[in-house]
Amino acid sequence: MDKVLEARKSVIRVAQELQAKGFFGSERGTAGNVSVRIGQEERVAVTPSGQAYENMKPEDICILDFDMNLVEGNLKPSIESSMHLCAYRKRPDVGAVLHTHQHYVSVLSVLNLPIPPLFDEVTLYLGDPIEVVPYSLSGSPELVTNVEAVVGNMMNAYVLQNHGALCLGDTLENAVRNAELLEKVATVYYQALCTGKEIAVLPKDISTMFQDLHKAKGTP
Ligand SMILES: [Zn+2]
(Lines give C-alpha, C1' and ligand atoms only; values in the text may rest on other atoms or scores of the structure.)
Protein backbone atom coordinates (compact mmCIF):
# COMPACT_ATOMS: atom_id res chain seq x y z
CA MET A 1 0.00 0.00 0.00
CA ASP A 2 1.09 3.53 -0.70
CA LYS A 3 2.83 4.81 2.45
CA VAL A 4 0.78 8.02 2.59
CA LEU A 5 -2.48 6.07 2.34
CA GLU A 6 -1.22 3.63 4.95
CA ALA A 7 -0.34 6.52 7.31
CA ARG A 8 -3.75 8.14 6.79
CA LYS A 9 -5.58 4.87 7.52
CA SER A 10 -3.53 4.23 10.65
CA VAL A 11 -4.30 7.72 11.97
CA ILE A 12 -8.05 7.14 11.48
CA ARG A 13 -7.90 3.73 13.15
CA VAL A 14 -6.07 5.09 16.19
CA ALA A 15 -8.29 8.20 16.47
CA GLN A 16 -11.39 5.96 16.47
CA GLU A 17 -9.80 3.63 19.00
CA LEU A 18 -8.86 6.47 21.37
CA GLN A 19 -12.32 7.96 21.06
CA ALA A 20 -13.92 4.60 21.87
CA LYS A 21 -11.72 4.38 24.98
CA GLY A 22 -12.99 7.82 26.05
CA PHE A 23 -9.47 9.24 25.75
CA PHE A 24 -10.74 12.28 23.87
CA GLY A 25 -12.93 13.25 26.82
CA SER A 26 -16.16 12.72 24.91
CA GLU A 27 -17.59 9.90 22.83
CA ARG A 28 -19.02 12.21 20.24
CA GLY A 29 -16.69 15.17 20.33
CA THR A 30 -13.82 15.92 18.00
CA ALA A 31 -11.30 16.78 20.71
CA GLY A 32 -7.87 15.20 20.70
CA ASN A 33 -5.61 14.64 17.73
CA VAL A 34 -3.35 12.00 16.26
CA SER A 35 -0.38 12.17 13.93
CA VAL A 36 2.21 9.80 12.48
CA ARG A 37 5.43 10.46 10.65
CA ILE A 38 5.51 9.20 7.06
CA GLY A 39 8.56 6.92 6.87
CA GLN A 40 11.69 8.89 7.73
CA GLU A 41 10.48 11.94 5.85
CA GLU A 42 9.82 15.40 7.22
CA ARG A 43 6.09 14.89 6.62
CA VAL A 44 3.28 13.78 8.90
CA ALA A 45 -0.32 12.61 8.56
CA VAL A 46 -2.50 14.44 11.11
CA THR A 47 -6.20 14.51 11.97
CA PRO A 48 -8.20 17.48 10.66
CA SER A 49 -9.75 20.14 12.88
CA GLY A 50 -13.31 19.76 14.13
CA GLN A 51 -14.31 16.65 12.16
CA ALA A 52 -16.09 13.62 13.63
CA TYR A 53 -13.88 10.52 13.58
CA GLU A 54 -16.62 7.91 12.95
CA ASN A 55 -16.92 8.29 9.21
CA MET A 56 -13.55 9.83 8.48
CA LYS A 57 -12.03 8.92 5.12
CA PRO A 58 -8.30 8.66 4.30
CA GLU A 59 -8.46 11.80 2.17
CA ASP A 60 -9.76 13.74 5.21
CA ILE A 61 -6.40 13.27 6.95
CA CYS A 62 -4.03 16.19 6.35
CA ILE A 63 -0.46 15.71 5.16
CA LEU A 64 1.82 18.44 6.52
CA ASP A 65 5.49 19.14 6.15
CA PHE A 66 7.53 20.10 9.21
CA ASP A 67 6.92 23.80 8.48
CA MET A 68 3.12 23.41 8.77
CA ASN A 69 2.54 23.58 5.01
CA LEU A 70 -0.44 21.51 3.87
CA VAL A 71 1.05 19.14 1.29
CA GLU A 72 -2.09 17.06 0.69
CA GLY A 73 -5.69 17.23 1.88
CA ASN A 74 -8.66 19.52 1.65
CA LEU A 75 -9.48 20.01 5.32
CA LYS A 76 -7.95 22.32 7.90
CA PRO A 77 -5.39 20.49 10.06
CA SER A 78 -5.93 20.18 13.82
CA ILE A 79 -5.23 23.40 15.72
CA GLU A 80 -2.69 21.45 17.76
CA SER A 81 -0.67 20.43 14.66
CA SER A 82 2.10 22.89 15.50
CA MET A 83 2.48 21.20 18.92
CA HIS A 84 2.83 17.82 17.15
CA LEU A 85 5.36 19.21 14.67
CA CYS A 86 7.44 20.75 17.41
CA ALA A 87 7.83 17.26 18.95
CA TYR A 88 8.91 15.76 15.60
CA ARG A 89 11.36 18.58 14.90
CA LYS A 90 12.94 18.39 18.30
CA ARG A 91 12.93 14.58 18.62
CA PRO A 92 14.15 12.44 15.70
CA ASP A 93 13.21 9.34 17.76
CA VAL A 94 9.53 10.31 17.61
CA GLY A 95 7.40 8.65 14.92
CA ALA A 96 3.93 9.35 16.33
CA VAL A 97 2.24 11.93 18.54
CA LEU A 98 -1.08 11.73 20.40
CA HIS A 99 -2.85 14.55 22.16
CA THR A 100 -5.68 13.33 24.39
CA HIS A 101 -8.06 14.54 27.09
CA GLN A 102 -7.97 11.23 28.98
CA HIS A 103 -9.67 11.32 32.35
CA TYR A 104 -7.13 10.73 35.12
CA VAL A 105 -4.39 12.65 33.37
CA SER A 106 -6.90 15.51 33.19
CA VAL A 107 -7.39 15.21 36.96
CA LEU A 108 -3.64 15.57 37.52
CA SER A 109 -3.56 18.41 34.97
CA VAL A 110 -5.84 20.54 37.16
CA LEU A 111 -3.90 19.53 40.28
CA ASN A 112 -0.80 20.64 38.32
CA LEU A 113 1.01 17.52 39.53
CA PRO A 114 3.93 15.79 37.80
CA ILE A 115 3.85 11.99 38.11
CA PRO A 116 6.68 10.33 40.03
CA PRO A 117 8.22 6.97 38.99
CA LEU A 118 5.84 4.33 40.38
CA PHE A 119 6.03 1.20 38.19
CA ASP A 120 8.84 -0.42 36.20
CA GLU A 121 6.92 -0.83 32.95
CA VAL A 122 5.50 2.68 33.05
CA THR A 123 8.84 4.32 33.77
CA LEU A 124 10.57 2.12 31.19
CA TYR A 125 8.27 3.31 28.40
CA LEU A 126 7.28 6.80 29.52
CA GLY A 127 10.39 7.94 31.37
CA ASP A 128 10.83 9.93 34.54
CA PRO A 129 9.76 12.54 35.39
CA ILE A 130 6.38 12.85 33.70
CA GLU A 131 6.34 16.62 33.75
CA VAL A 132 3.53 19.15 33.61
CA VAL A 133 3.70 21.55 30.66
CA PRO A 134 2.55 24.99 31.92
CA TYR A 135 -0.88 26.13 30.71
CA SER A 136 -1.42 28.13 27.55
CA LEU A 137 -4.52 28.33 25.40
CA SER A 138 -5.16 25.30 23.13
CA GLY A 139 -3.60 25.80 19.73
CA SER A 140 -1.63 28.89 20.79
CA PRO A 141 2.01 29.56 19.87
CA GLU A 142 2.67 29.93 23.61
CA LEU A 143 1.57 26.32 24.19
CA VAL A 144 3.99 25.18 21.47
CA THR A 145 6.77 27.17 23.17
CA ASN A 146 5.95 25.54 26.49
CA VAL A 147 5.99 22.05 24.94
CA GLU A 148 9.21 22.80 23.09
CA ALA A 149 10.84 23.69 26.40
CA VAL A 150 10.24 20.20 27.86
CA VAL A 151 10.19 17.61 25.05
CA GLY A 152 13.98 17.71 24.80
CA ASN A 153 14.03 15.74 28.07
CA MET A 154 13.51 12.62 25.86
CA MET A 155 10.51 11.29 27.81
CA ASN A 156 7.41 9.91 26.09
CA ALA A 157 4.56 11.45 28.10
CA TYR A 158 3.61 14.87 29.41
CA VAL A 159 0.70 16.32 31.36
CA LEU A 160 -0.64 19.55 29.82
CA GLN A 161 -1.78 21.77 32.68
CA ASN A 162 -5.57 22.32 32.75
CA HIS A 163 -5.85 20.46 29.47
CA GLY A 164 -4.82 16.81 29.03
CA ALA A 165 -1.94 14.70 27.81
CA LEU A 166 0.73 14.58 25.14
CA CYS A 167 2.15 11.13 24.35
CA LEU A 168 4.97 10.24 22.00
CA GLY A 169 6.20 6.97 20.53
CA ASP A 170 8.49 5.63 17.85
CA THR A 171 5.42 4.10 16.20
CA LEU A 172 1.71 4.83 16.44
CA GLU A 173 1.10 1.51 18.21
CA ASN A 174 3.71 2.32 20.84
CA ALA A 175 2.34 5.84 21.29
CA VAL A 176 -1.09 4.30 22.03
CA ARG A 177 0.48 1.89 24.51
CA ASN A 178 2.20 4.88 26.12
CA ALA A 179 -1.13 6.72 26.42
CA GLU A 180 -2.62 3.63 28.08
CA LEU A 181 0.29 3.35 30.51
CA LEU A 182 -0.01 7.07 31.27
CA GLU A 183 -3.69 6.66 32.12
CA LYS A 184 -2.88 3.66 34.31
CA VAL A 185 -0.23 5.49 36.32
CA ALA A 186 -2.32 8.69 36.55
CA THR A 187 -5.28 6.67 37.85
CA VAL A 188 -3.25 4.81 40.45
CA TYR A 189 -1.37 7.94 41.52
CA TYR A 190 -4.57 9.94 41.99
CA GLN A 191 -6.26 7.13 43.92
CA ALA A 192 -3.16 6.65 46.08
CA LEU A 193 -3.08 10.41 46.80
CA CYS A 194 -6.72 10.19 47.94
CA THR A 195 -5.73 7.84 50.78
CA GLY A 196 -3.55 10.56 52.30
CA LYS A 197 -0.92 7.91 53.02
CA GLU A 198 2.70 8.07 52.01
CA ILE A 199 3.34 6.96 48.42
CA ALA A 200 6.30 4.68 47.73
CA VAL A 201 8.18 5.58 44.55
CA LEU A 202 10.73 3.48 42.67
CA PRO A 203 14.20 3.43 44.24
CA LYS A 204 16.41 6.22 42.91
CA ASP A 205 18.93 3.87 41.24
CA ILE A 206 16.12 2.20 39.27
CA SER A 207 14.47 5.44 38.13
CA THR A 208 17.91 6.84 37.19
CA MET A 209 18.57 3.72 35.10
CA PHE A 210 15.32 4.30 33.17
CA GLN A 211 16.08 8.03 32.80
CA ASP A 212 19.49 7.22 31.34
CA LEU A 213 17.92 4.79 28.85
CA HIS A 214 15.60 7.53 27.60
CA LYS A 215 18.26 10.18 27.44
CA ALA A 216 20.60 7.85 25.52
CA LYS A 217 18.35 7.04 22.60
CA GLY A 218 14.76 7.74 23.31
CA THR A 219 12.77 4.58 23.89
CA PRO A 220 9.69 3.15 22.21
ZN1 LIG B 1 -6.75 19.44 23.65
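Which residues in H2 meet which residues in H5? I started my notebook with that one.

**Ground rules.** I am looking at a predicted model, where local features need pLDDT of at least 70, side-chain atom pairs count only at pLDDT 80 or more, and totals for chains, interfaces and linings use all residues. Residues are numbered from 1 along each chain as its sequence is written. Helices (H or I, at least four residues) and strands (E, at least two) are DSSP runs, numbered from the N terminus.

**H2 and H5.** I found Ser82, Met83, Cys86, Ala87 and Lys90 on the H2 side, and they meet Leu143, Val144, Val147, Glu148 and Val151 of H5. Contact here asks for C-beta atoms, placed from the backbone, within 7 Å. I then looked up the class of each residue: the contact has seven nonpolar, one polar and two charged residues. Ala, Val, Leu, Ile, Met, Phe, Trp, Tyr, Cys and Pro count as nonpolar, Asp, Glu, Lys and Arg as charged, and the others, Gly among them, as polar.

**The core.** I looked up the largest nonpolar core and found 57 residues. Such a core is a set of buried Ala, Val, Leu, Ile, Met, Phe, Trp, Tyr and Cys residues joined through C-beta atoms within 7 Å. Among those with the most contacts inside it are Val11, Leu98 and Ala165. Leaving aside neighbours within four places in sequence, alanine 165 is in contact with residues including Thr100, Val105, Tyr158 and Leu182.

Most residues other than glycine have a negative phi, and most peptide bonds are trans. Aspartate 128 and proline 129 are joined by a cis peptide bond, with omega about 5°. Proline 129 is in the loop between helix H4 (120-126) and strand S6 (132-133). Asparagine 112 has a positive phi, near 55°, and lies in the loop between H3 and H4. Asparagine 112 counts as exposed because it has 12 C-beta neighbours inside 10 Å. Methionine 154 has a positive phi too, near 70°, and it counts as partly exposed, with 19 C-beta neighbours inside 10 Å.

How values were computed:
Two residues are in contact if their C-beta atoms, placed from the backbone, lie within 7 Å. A residue is buried if 20 or more other C-beta atoms lie within 10 Å of its own, exposed if 12 or fewer, and partly exposed in between; C-beta atoms are placed from the backbone.
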